[in-house]
Amino acid sequence: MESRTEKKYVLDMAQALLARAIISAHCLPDPNFAAATVHSIYYDTLDLQFLTEKIDSTYFKAKVRLRWYGDWDFKPDNGPAVLEAKIKEGGLQRKVRIRVSRTGLELAGMSLGDPELAALPALLATKGVGLCASTRPVFVVSYRRMRFIDPMTGVRIALDQDIHASRHALSCPGPAGSPMLSFAVIETKGSLASLPQYLAPLMTMGLRPDSFSKYLHCYQSLMQHHI
């Protein structure tokens, strides 16, 4: 398992273009993954235990997802997919990643009720992660991500926008997915404990630190549009 420092900052989606311009002026595009869409199947128990842990901000929190990537227009590519588990105990976060045999293109075409998808989290036991209850796919979160590297600090910065649940397996009538959220998210990964100074002007426009959960916010958006 690996440990790392990750900070999140939230801003109104209307400010995403300005944030992109500021970050681009101070950072270099990631040489390998500068821009792509990210697609993640989130797993949870039947009673949504992982979601409840997030809402209640419990000391122990777990997150299980299956992730793959696509082009800027949300079309999945034929690249690899990775099963991930994030286990948070207080301030310590550990992450396990396992590459699965299916490509992103194949997974994107599978029903969320497919038994093969439901069986994948059992693979986490091979990495020492035992889940206390069986899990199932709940919904798919998709968004556009731009990645940068701060040349002065080596900190990696991601700008996520157009976040939405593209499809779900919840037992409720209504739309097959959620609309785009009204938020964009800046994530920093590395040794930097605070917001890079060049992003400070965005604070006056509403940028704020936040333990933003795409899973939680997409769930809330789905529920709002099913009432």
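The model is predicted: local features need pLDDT of at least 70, side-chain atom pairs count only at pLDDT 80 or more, and totals for chains, interfaces and linings use all residues. Residues are numbered from 1 along each chain as its sequence is written, and side-chain values use heavy atoms, with hydrogens and water left out.

**Overall fold**

The protein has 5 helices and 10 strands. These are DSSP runs, numbered from the N terminus: helices are H or I with at least four residues, strands are E with at least two. The C-alpha trace spans about 45 × 40 × 40 Å along its principal axes. The radius of gyration is 17 Å, which agrees with the value near 17 Å for a compact globule of 227 residues. That radius is taken over C-alpha atoms, and the globule rule is 2.2 Å times the number of residues to the power 0.38.

Of the 227 residues, 47% are buried. Buried means under 20% relative accessible area, exposed over 50%, and partly exposed in between (1.4 Å probe, protein chains only). Among contacts with a separation of 6 or more, 72% join residues 24 or more positions apart. A contact means heavy atoms within 4.5 Å.

**Around L83**

L83 is found in strand β5 (residues 80-89). Its relative accessible area is 0%, so L83 is buried. Leaving out residues up to four places away in sequence, L83 touches residues including Y43, V64, L66, V96, I98 and L120. R97 is also on that list of contacts. L83 and R97 are 14 residues apart in sequence, yet 5.6 Å apart in space, C-alpha to C-alpha.

**Salt bridges**

The whole structure holds 14 salt bridges. The criterion is a side-chain nitrogen of Lys or Arg within 4 Å of a carboxyl oxygen of Asp or Glu. Three of them are listed here.

| Pair | N to O distance |
|---|---|
| E84 and R65 | 2.7 Å |
| R97 and E84 | 3.1 Å |
| R208 and D210 | 3.8 Å |

E84 takes part in a salt bridge with R65 and in another with R97. R97 lies in strand β6 (residues 92-103) and E84 in strand β5, so this pair ties together parts that are 13 residues apart in sequence. E84 is buried, at 2% relative accessible area. R65 is buried too. R97 is partly exposed, at 41%.

R208 and D210 meet through their side chains. R208 is partly exposed, with a relative accessible area of 36%. D210 is partly exposed as well, at 27%. Salt bridges that share partners also join R145, D160, E187, K189 and K214 into one network.
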